[in-house]
Amino acid sequence: MPLSRDLLRLADAVLLPGFEGTTPPDWLLRRLGDGLAGVVLFSRNIASVPQVAELTAALRAENPAVLVGTDEESGEVTRLEVATGSSRPGNYAVGVVDDTELTEALARDLGCDLAAAGVTVDFAPSSDVNSNPDNPVIGLRAFGADSELVSRHTRAFVRGLQSAGVAACAKHFPGHGDTSVDSHHGVPVVGGEIEEALAPFAAAIDEGVRAVMTGHLLVPSHDPNAPATLSQKVLTGLLRNELGFDGMIVTDGIEMAAVSGAYGIGGASARAIAAGADAICVGGEHADEATAISVRDAIAAAVADGLLPEERLADAARRVTELADWTVAARARTLSGGPVAGSGLSGGNGSGQGIGLDAARRALRITRRSAAPTLPIRRPAQVIELSPEMNLAIDKGTPWGVGEPLSRMLPGTAVTRLAAGEATGAALESLLQDAEDRPLVIVVRDAHRYDWQGEALRHLLSARPDAVVVEMGLPARTDLGSVHIATYGSARVCGQAAAEAITGTL
């Protein structure tokens with residue numbers, strides 16, 4: 001049976017698709033004019049803030065209330081600064097500092113840059129409690145492993161971001177921290193009770209967060225059969241009824257295997273709306289008009305087939321519209337208040353100097369294990385960076401490391417980066433020979449999660465116990481090297497702060 005135009009339009013009103021390129025394609029502009037809710041920007045859509053501002057202006061010309069969302073968490077997960085690395089550290093470093101005024105200021109600063117680019121919804125903060133140190137997808141994206149700490153910094157982030165006129169979105173409900181599976185690839189299971197994991201979301205709701213993003217997680221204590229994104233018990237029963245959230249619920253990328261594997265992208269989208277979600281995020285991996293149309297049609301067909309009550313779809317569209325109206329009003333207030341500037345994008349000096357670098361400096365933790373004067377290093381060094389493959393939330397092209405800033409500060413410094421299959425004994429011995437008369441700096445990233453990094457570290461440190469070890473992920477141990485530096489992040493400013501500590505210019 002043909003689907004009515006009104007029903008198709010209603011289904012379009014809950015979709016946030018992605019697209020290819022740095023300018024909006026014709027199909028997207030046409031669909032926005034016909035009632036599409038908005039878009040999600042990925043790093044493939046972003047070249048610079050002025051370019052994004054021009055892109056979003058074109059979107060608003062078709063739909064003045066368009067929702068423009070992106071995953072700009074700062075730190076490892078950055079979209080606006082994907083080409084340079086973030087000028088602000090990520091959540092874990094901020095949690096280590098544990099200054100909520102700093103967190104609020106950083107989020108406001110970020111919000112100013114997003115607002116200048118025309119982004120209206122930021123899929124941040126990650127409000128997960130990273131209680132599993134082996135978590136493959138959260139880790140540094142969380143403020144920490146303590147529920148109370150995560151709660152107070154979630155509040156501060158929401159306040160700061162929304163004060164700049166950008167809607168915050170707490171994620172990944174009901175908490176992705178205590179998992180050992182990446183939901184991009186499978187279904188993580190959250191065992192036991194989840195009260196501590198829920199606390200940061202309750203704090204965000206109390207603070208007035210405008211949106212919450214679902215996690216593709218199975219939570220047997222509430223629903224043993226369906227992942228949270230597809231569970232009415234979790235989204236409607238827990239988030240709406242028990243926690244009292246009245247804003248927009250948006251799904252994590254609906255094409256992720258944890259939810260699309262069993263039902264396909266369209267089937268998962270329809271089931272998510274039926275469960276209580278209001279907006280479907282799609283397009284991370286399927287960013288074409290055909291996907292957007294198939295998802296719309298699947299949602300409309302679910303109404304026609306009785307799987308999805310039309311009243312539920314209309315309610316979802318209403319909540320999306322309410323958030324869009326809030327963003328329009330917030331944007332107007334921000335613009336009427338005069339120009340805003342962040343710390344290196346929309347109006348900063350672009351050098352990384354500012355609040356983000358100050359935060360990264362404050363997050364450093366340095367453990368000296370030798371009485372020998374290892375630091376500061378004043379002459380060219382040999383830097384070996386051990387580079388693991390990161391999860392899909394982190395763009396593979398985002399620069400990271402200590403070698404680049406250290407090379408600027410100590411000209412003549414040699415930098416070698418090794419991936420898993422490259423860190424062979426022969427390669428390490430060759431580098432040790434090259435470093436025979438040089439200070440040695442070894443940079444790792446979540447070394448405790450990768451056996452090959454641990455083996456390479458042992459090899460290098462057995463020959464050079466005087467080496468400086470810089471951990472740019474979560475430091476499981478600090479008794480490595482003559483000096484161990486934990487940055488709690490791999491953002492550009494984290495590398496800069498570590499290089500300053502190494503050269504004594506901090």
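Reply: Start with Asp479. Asp479 counts as partly exposed, because its relative accessibility is 37%. The label follows from cut-offs: buried means under 20% relative accessible area, exposed means over 50%, and partly exposed lies in between (1.4 Å probe, protein chains only). This is a predicted model, where local features need pLDDT of at least 70, side-chain atom pairs count only at pLDDT 80 or more, and totals for chains, interfaces and linings use all residues. Residues are numbered from 1 along each chain as its sequence is written, and side-chain values use heavy atoms, with hydrogens and water left out.

The side chain of Asp479 forms a salt bridge with Arg477, at 2.7 Å from N to O. A salt bridge here is a side-chain nitrogen of Lys or Arg within 4 Å of a carboxyl oxygen of Asp or Glu. Arg477 is partly exposed too, at 46%. The structure holds 33 salt bridges.

Now take Glu104 and Arg159. Their side chains meet in a salt bridge at 3.2 Å, N to O. This pair links distant parts of the chain: Glu104 sits in helix H5 (residues 100-117), Arg159 in helix H6 (residues 147-163), and they are 55 residues apart. Helices (H or I, at least four residues) and strands (E, at least two) are DSSP runs, numbered from the N terminus. Arg159 is partly exposed, because its relative accessible area is 30%.

Next come Arg319 and Asp246. Their salt bridge spans 2.8 Å, N to O. Arg319 belongs to helix H11 (residues 310-336), while Asp246 lies in the loop between helix H8 (232-242) and E7; 73 residues separate this pair, which links distant parts of the chain. Which partner is buried? Arg319 is, with a relative accessible area of 10%. Asp246 is exposed, at 52%. Both also belong to a network of salt bridges, whose linked residues include Arg240, Asp278, Arg312, Asp315, Arg318 and Glu322.

The loop of Asp246 runs between helix H8 and E7, so look at that strand. Six strands form an open sheet in the order E2-E3-E4-E5-E6-E7, with parallel pairing. Two strands pair if DSSP finds at least two bridges between them. Strand E6 (residues 211-214) pairs with E7 in the parallel sense over three bridges. Within E7, Val250 is the bridge partner of Met213.
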